[in-house]
Amino acid sequence: MRRLGLRARVTAGFAVGAALLAASMALISYDLTRRSLLDERERTAVRAAYFDAAVVRTGLDTERPDVAEVLRSLDTGSARRPLLHLDGSWYARTAETAATGVPEALHERVRAGRPAVQRVRLAGQPTLLVGVPLSERATYYELTSLRELEETFQVLALALTAVAIMVAGSGAAFGWYATRHSLRPLTAVADAAEKIAAGDFTTRLAPATDPDLTRLSTSFNDMVDQLARRIERDRRFAADVSHELRSPLQTLSAAASVLTRRRDHHDERTATAAGLVADEIDRFQQLVNDLIELARADQPAQREHVDVAALAREVCRTRTLPEDLVRVEPDTPADWRVDRRRTEQLLVNLLDNADRYGGGPVAVRLSVDAGTGVIEVDDAGAGVPEEDRDGIFDRFVRGRAAHARAGTDGTGLGLAIVAQHAAAHGGRATVGDRPGGGARFRVELPGSVG
């Protein structure tokens, strides 16, 4: 039960409760009905047996009674069968017969002058046996068939079982209906949380959705407001710091370039130090540019019609890569509705990542999956381990290939920018194995095609 969801558990609870209640009511109804019908049939059979016993007693008071004729004169119908014990012999309607089915204890009780009633089974059929003492010489028995009553009980049991099953099903349906409406506010909270997790910080809950959940809705909205303000404050801080760093970095870059050009006029140690300073300044500039790009990545995507295939070929040209890396799958339109700047940036970052850490890009594939534009970049590297695939798109996270190359100038933000640009389109970025070896980075852009 713990593995089931709340709706499933409540529905199962309603079903089990309804089943137990229906089963209890069915058992009680069956028992009461059975007792009532059996008692009524027993009273009727006893009255009929006493009446027939009086007729038999009258018939036996003659000098030479014809026992078979006396028994045939009884109006017992087909449901009752008379049986007489006279002077040690048993008699039925036709002739003298052996006693079959009369328990010895019952027979002794009746012979002692006490009437008795007992339910027995004769030839596999339920039978009510009524014994009436007539005299010291004779005892009268009447066997009443209960087959019809037993069939009635079977039909009643089937009907009550069917009703119990229907009640249990109705209870499950009612539980599902009740939980569906009761959990609707929680579903709204879950939907809002998913939108916020996807980057839509304008999502809010309607406080008037449910009076009992007003406090939850208000607290949730306040939490989102505070979160949005904090994220915006952090974004502005990163953007402001990055912009403020640009001017001194440009000055340092200019000074470093002068030192680099005059390297031949310095001794070896000074020239080496100047080269290291220039490299670190370039890396610092790249880091600042990536931070500015991340600060802008939280803004909504500005979609427009873009020839993504042509854009991908242009990016390959600017990275001195062959244009035939771009492969457009069949039935893939060239015109996509995407943010051109973001799409270009994610292509650049994925190609740079493949060049630095993946042994170089081997293909850039464009395809469509149910209206979602898909961009895939394959590399010739060793691939991304399974345990690193979820965290590789986080900020300032480098994969094992980056750590293995200590001289890399990466900032750890390239793939994070790719993920941000994909999220701005309502999509996501993932990585998997490329058939034949290497990694395959996949970016999905929903709503871009069709």
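Start by selecting Asp-331, which is exposed, with a relative accessible area of 80% (exposed means over 50% relative accessible area, buried under 20% and partly exposed in between, with a 1.4 Å probe and protein chains only). Asp-331 sits in the loop between strand E7 (326-328) and strand E8 (335-338). Helices (H or I, at least four residues) and strands (E, at least two) are DSSP runs, numbered from the N terminus. The phi of Asp-331 is near 65°, a positive value in a residue other than glycine.

The model is a predicted one, in which local features need pLDDT of at least 70 and side-chain atom pairs count only at pLDDT 80 or more, while totals for chains, interfaces and linings use all residues. Residues are numbered from 1 along each chain as its sequence is written, and side-chain values use heavy atoms, with hydrogens and water left out.

Next, select Ala-370, in the loop between strand E9 (361-369) and strand E10 (372-379). Ala-370 is not a glycine, yet has a positive phi of about 55°. Its relative accessibility is 75%, so Ala-370 counts as exposed.

Now show helix H8 (residues 308-318) and helix H9 (residues 340-357), which pack at an angle of about 45° with their axes 10 Å apart. Axes are lines fitted to C-alpha atoms, for helices over the stretch in contact, and angles run from 0 to 180 degrees between N-to-C directions. H8 and H9 are therefore oblique to each other; angles under 35 degrees count as roughly parallel, over 145 as roughly antiparallel, 65 to 115 as roughly perpendicular and the rest as oblique. To see the contact (heavy atoms within 4.5 Å), select Val-308, Leu-311, Ala-312, Glu-314, Val-315 and Cys-316 on H8, then Arg-340, Thr-343, Glu-344, Leu-347, Val-348 and Leu-351 on H9.

Move to His-85 in strand E1 (residues 80-86). His-85 is buried, at 9% relative accessible area. Apart from neighbours within four places in sequence, His-85 is in contact with Trp-90, His-107, Arg-137, Ala-138, Thr-139 and Tyr-141.

Then go to Arg-9 in helix H1 (residues 6-60). Arg-9 counts as partly exposed, at 32% relative accessibility.

Of its 450 residues, 36% count as buried. Among contacts between residues at least 6 apart in sequence, 63% join residues at least 24 apart.
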